[in-house]
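Trainee: Could we go through this structure together? I would like to begin with the overall picture and then turn to details.

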Amino acid sequence: MIDRRTFSKVVGLGAGAAAVSLAGFQSSANASAAAHQGAGTPTPTVPKVTSGTHTSFATLKQVKAGVLDVGYAEAGPAHGPVVICLHGWPYDIHSYVDVAPLLAAEGYRVIVPYLRGHGTTRFLSSRTFRNAQQSAVALDIIALMDALKIEKAVLAGFDWGSRTADIIAALWPERVKGLVSVSGYVITNVEAQKKPLPPKAEYAWWYQYYFATERGRLAMEDKTDRHDLCRLVWDTVSPTWHFDDATFERTAAAFQNPDYAAIVIHNYRWRLGLADGERRHDRYEKHLATRPVIEVPTITLDPERDPFTAPGNGASYRDRFTGRYDHRTLTGIGHNLPQEAPTAFAQAVVDVDRF
């Protein structure tokens, strides 16, 4: 999930507060497209697709990258411009099962990796520390790009994926052609995480505190408890998404990774300052703690029905993006934005690529 200090919607904002309508989003996207048409290359309008149209990826692959053997889905032409789509927790590559075909049809080579501890991604050594601090996950994606000989890509993500994409854009901007970041700037500041939020805001993070306990760790290691806990999170953070059991089960299969519990528990404990990272990542974390600006072309997306969406229509993080920029809020959409609103997500990728 996103950084707990980036939101306060649960403190009392109504469902429609600070949100633009979906029609407003479409108008913004069309205006953006028209502006770019004047530059010489028309921006394609992505065809509308209903969530759940696709249920699987045609191509699943593995590649050794850094400390991992990374499992990933691939779609589109092998020599097309690259888009890397990054999932969050408790999700997997199926968050992009409808987005990937849309982008592939526009000529993109779409790469959707399982993050460490998820799906078919495995550590190459049993001795490697199961570290899930934010810079370690970002370095996984840099290693993946190197392994696939991808010099530069559009990065698009939500939840852990937004954070990972934000970090790469901040630390290695030369590798990023454009950025689509759901919930905006979600780089974690561990020191800031130590300060309490108002009680209503804290309430939404119940699982984070649960994971800080031994009881929570045991629940994540138990197959049934893990399954039911993750399903509860889906139901809670996407209140308007009417997914069926089969949709959840396709993603839940990724939770059977032998390192899943260790990675999830470490990630949330590390964010609260309750677990150590690795010293070799200290230089990255020190820089990230300064809240570095992101200079690459960016579109930020806010899902209006996500309890973690900050008020103000992106105002709380606007100053962190100093390059070409657009912000869009999607009314009626919850946390798993790319799977709930695949057309809007894919359009943002196409648009930012034209910035």
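Trainee: How many helices and strands are there in the protein?

Mentor: The protein has 14 helices and 9 strands. Helices (H or I, at least four residues) and strands (E, at least two) are DSSP runs, numbered from the N terminus. This is a predicted model, in which local features need pLDDT of at least 70 and side-chain atom pairs count only at pLDDT 80 or more, while totals for chains, interfaces and linings use all residues. Residues are numbered from 1 along each chain as its sequence is written, and side-chain values use heavy atoms, with hydrogens and water left out.

Trainee: What percentage of the residues in the protein is buried?

Mentor: Of the 355 residues in the protein, 58% are buried. Buried means under 20% relative accessible area, exposed over 50%, and partly exposed in between (1.4 Å probe, protein chains only).

Trainee: And what is the accessible surface of the protein?

Mentor: The accessible surface comes to about 13900 Å², and carbon and sulfur atoms hold 53% of it. Accessible areas come from the Shrake-Rupley method with a 1.4 Å probe; for residues, only the protein chains shown count as cover.

Trainee: What share of the contacts comes from residues 24 or more positions apart?

Mentor: Among contacts in the protein with a separation of 6 or more, 81% are between residues 24 or more positions apart. Contact means heavy atoms within 4.5 Å.

Trainee: Turning to helix packing, at what angle do helix 3 and helix 4 pack?

Mentor: Helix 3 (residues 134-147) packs against helix 4 (residues 160-171) at an angle of about 75°, and their axes are 9 Å apart. Axes are lines fitted to C-alpha atoms, for helices over the stretch in contact, and angles run from 0 to 180 degrees between N-to-C directions. The two helices are therefore roughly perpendicular to each other. In this scheme, angles under 35 degrees count as roughly parallel, over 145 as roughly antiparallel, 65 to 115 as roughly perpendicular and the rest as oblique.

Trainee: Which residues in helix 3 and helix 4 meet?

Mentor: From helix 3, Q134, S135, V137, A138, I141 and I142 meet R163, T164, I167 and I168 of helix 4. By class, this contact has 6 nonpolar, 3 polar and 1 charged residues. Ala, Val, Leu, Ile, Met, Phe, Trp, Tyr, Cys and Pro count as nonpolar, Asp, Glu, Lys and Arg as charged, and the others, Gly among them, as polar.

Trainee: How many residues of helix 11 are buried?

Mentor: In helix 11, 11 of the 12 residues are buried, so that helix is also largely enclosed by the rest of the structure. The buried residues include H266, N267, R269 and W270. Helix 11 (residues 260-271) reaches 17 Å from its first C-alpha to its last, close to the 16 Å expected. Just after helix 11, G273 has a positive phi of about 75°.

Trainee: Now the loops. Where is D159, and is D159 buried or exposed?

Mentor: D159 lies in the loop between strand 6 (153-157) and helix 4. D159 is buried, with a relative accessible area of 0%. Its phi is positive, about 60°, although D159 is not a glycine.

Trainee: What is phi of S183 near?

Mentor: Phi of S183 is near 75°, a positive value in a residue other than glycine. S183 sits in the loop between strand 7 (176-182) and helix 5 (190-193), and is buried at a relative accessible area of 5%.

Trainee: Which peptide bond is cis?

Mentor: The bond from W89 to P90 is cis, with omega near 0°. P90 is in the loop between strand 3 and helix 2.

Trainee: What does C230 contact?

Mentor: Leaving aside neighbours within four places in sequence, C230 is in contact with W89, P90, F248, F255 and Y260. C230 belongs to helix 9 (residues 223-237) and is buried, with a relative accessible area of 0%.

Technical notes
Expected span 1.5 Å × (residues − 1).
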